Amino acid sequence: MGSDRFSTAARLRAIGQEAHARVYRAAAARRPARRNKLTGRAALLALVLCSLVIALAYPMRQYIAQRADIADQRREAQQARQKVDELREQKARWQDPEYVRTQARKQLHYVMPGEDGYSVARPAPTAGAQGPAHRSAGSPGGSGSQADAAAHRPWYANLWDGVDHADAAAPPRH
């Protein structure tokens, strides 16, 4: 009889588990489909991440700007070193008497004792050589050489000449 009781208890347990499974399946079928809802923890995590991004944005921008400034300063320092090297080379050249002599001859038109120095001047344009084709577009009555001469004079001399010409061309007032 002992085995009879055991098998009845085991059967009842199996029947109970089957009933439980059926009830669970029926309850699941009656429930609407589960939606993914944003939980409170996920919202808090998103809020923390957003605040971290906002809090770190300005310092990161400053860091990047400072790195760019450092790179610019390094470039400028390298250029300054190159300029110093060029100036040292130039100083060394000026220590050579032959270089000084060559530069004096070239830039200051010096001649050595016993040599003859010559200067070549451009010939002045003649009035017959200038025709209507040589007239400057900027000045209706003037020649191209007058415009060239005006270009080599100081600005205030050109301004004063313009005032004189305008004053001479104006009719006298009564």
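Contact here means that heavy atoms lie within 4.5 Å of each other. With that term in hand, here are some notes to read beside the structure.

1. **What you are looking at.** This is a predicted model, in which local features need pLDDT of at least 70, side-chain atom pairs count only at pLDDT 80 or more, and totals for chains, interfaces and linings use all residues. Residues are numbered from 1 along each chain as its sequence is written, and side-chain values use heavy atoms, with hydrogens and water left out.

2. **The overall fold.** The protein chain has five helices and zero strands, so reading from the N terminus gives α-α-α-α-α (helices are DSSP runs of H or I with at least four residues, strands are runs of E with at least two, and numbering starts at the N terminus).

3. **Surface and interior.** Of the 174 residues in the protein chain, 3% count as buried (buried is under 20% relative accessible area, exposed is over 50%, and partly exposed is in between, with a 1.4 Å probe and protein chains only). The chain's accessible surface is about 16600 Å², and 60% of this belongs to carbon and sulfur atoms (areas come from the Shrake-Rupley method with a 1.4 Å probe; for residues, only the protein chains shown count as cover).

4. **A buried glutamine.** Have a look at Q103, which sits in helix α3, residues 97-108. Q103 counts as buried because its relative accessibility is 9%. Setting aside neighbours within four places in sequence, Q103 is in contact with W94 and L108.

5. **Two aromatic pairs.** Searching the whole structure turns up two aromatic pairs (rings of Phe, Tyr and Trp, the last by its six-membered ring, pair if their centres lie within 6.5 Å; planes under 30 degrees apart are stacked, over 60 edge-to-face, and the rest tilted). W94 and Y99 are edge-to-face because their planes meet at 80°, with ring centres 5.1 Å apart. W155 and Y156 also form an edge-to-face pair, at 5.8 Å centre to centre and 80° between the planes.

6. **How open are those rings?** W94 is partly exposed at 37% relative accessible area, and Y99 is partly exposed at 22%. W155 is exposed at 65%, and Y156 is exposed at 53%.

7. Which helix holds L44? L44 is found in helix α2, residues 40-94, and is exposed, with a relative accessible area of 52%. L44 belongs to a nonpolar surface patch that also includes V48, M60 and Y63, and the patch has about 1000 Å² of accessible area together.

Definitions and conventions
Patch = residues over 30% accessible without salt bridge, like charges linked within 9 Å, V, L, I, M, F, W, Y side chains within 5 Å. Salt bridge = Lys/Arg side-chain N within 4 Å of Asp/Glu carboxyl O.
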